[in-house]
Amino acid sequence: MNTRINKQVVVENLGLIDYQAAWDEQERLFAQIVAQKVQNRECPDTEQVPTPNYLLFCEHPHVYTLGTSGSIDNLLVDEERLAADYGATFFKIRRGGDITYHGPGQLVGYPILDLANFFTDIHRYMRLLEEGIIRTLADYGLRAGRVEGVGADRLTGVWLDYDGGPRPRKICAMGVKASRWVTMHGFALNVNTDLSYFGHIVPCGISDKAVTSLAAELGHTVPLSEVAGRVKQHLADLFEMELIQQEKTQPNETATAVSGTL
């Protein structure tokens, strides 16, 4: 664990942003945290600098991403047709999980955390991310949960009809990368998502279960900013974070502290 614990988390809404640009920003912040950890190891405890934490929220234009453990066979349309017919791009990325879709109306969250500031347990980290989404969906009257199992039989993410219901359907996909206990990538919650785009893939490599969205379940759209606010608050409670809301500022201005609020 770090000798100087920092539970402050800088939260920033990137808006609608190209997948590559968001990936580059994640990589930049990830490298910054790792570099600080390496530097701290060379300093006495009294001179160590707390490592920062970030939580990025955004939407992406239509894009498909394939994780390191996924199969290209789960992409049902060739890349040229994706671009020409559907305006979508495709990326192979270094995260867990198989293939998934991101697009407008979907709330994407990228926690870039030094878990040494919280706990060094990647399984607990994943379960708390899931729990934050489960509690958010409960705020809208939806009973969501995990499809439990052992090893490959456990289906990561958040589901409706998850406990033996007649129509299990995934509402939130998750895939993360962690190195030196620093995380990147994260979760994608279908809020007002155009679900037809999932028809071009085998979502997460699972062919026998459906995909849904908050809007499809409720029968009306929901503001993404409202959902993001609820997700942030639940994650703050679960991880015992102090949220620092990053405002859109001029270069010489600073972030505004909003401990425990959104």
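Ile 134 counts as buried, because its relative accessibility is 12%, and the cut-off for buried is under 20%. The model is a predicted one. Ile 134 sits in helix H3. Leaving aside residues up to four places away in sequence, Ile 134 touches Ala 144, Gly 145, Arg 146 and Val 158. Gly 157 is 23 residues from Ile 134 in sequence. In space, the C-alpha atoms of Ile 134 and Gly 157 are 9.7 Å apart.

Now take the helix itself. H3 covers residues 122-139, 18 residues in total. From first C-alpha to last it reaches 26 Å, close to the 26 Å expected at 1.5 Å a residue. Asp 121 caps the N-terminal end of H3. A side-chain oxygen of Asp 121 lies 3.0 Å from the backbone nitrogen of His 123. Just after H3 comes Gly 141, with a positive phi of about 80°.

Next comes the packing partner. Two packed helices are described by the angle between their axes and the distance between the axes. H3 packs with helix H5, residues 224-239, at an angle of about 135°. The axes of H3 and H5 are 9 Å apart. The two helices are therefore oblique to each other. H3 passes H5 in a right-handed crossing.

Which residues meet where H3 and H5 pack? From H3 they include Leu 128, Leu 129, Ile 133, Arg 135 and Asp 139. From H5 they include Val 227, Arg 230, His 234, Leu 238 and Phe 239.

Methods
Residues numbered from 1 in each chain as written. Predicted model: local features only at pLDDT ≥ 70, side-chain atom pairs only at ≥ 80, totals over all residues. Heavy atoms only, no water. Helix = DSSP H or I, 4+ residues; strand = E, 2+ residues; numbered from the N terminus. Expected span 1.5 Å × (residues − 1). Polar contact = N/O pair within 3.5 Å; in protein donor to acceptor, adjacent residues only side chain to side chain. Axes fitted to C-alpha atoms, helices over the stretch in contact; angles between N-to-C directions. Parallel < 35°, antiparallel > 145°, perpendicular 65-115°, else oblique. Left-handed = near helix turned anticlockwise from the far one by under 90°. Contact = heavy atoms within 4.5 Å. Buried < 20%, exposed > 50% of the residue type's maximum accessible area, 1.4 Å probe, protein only.
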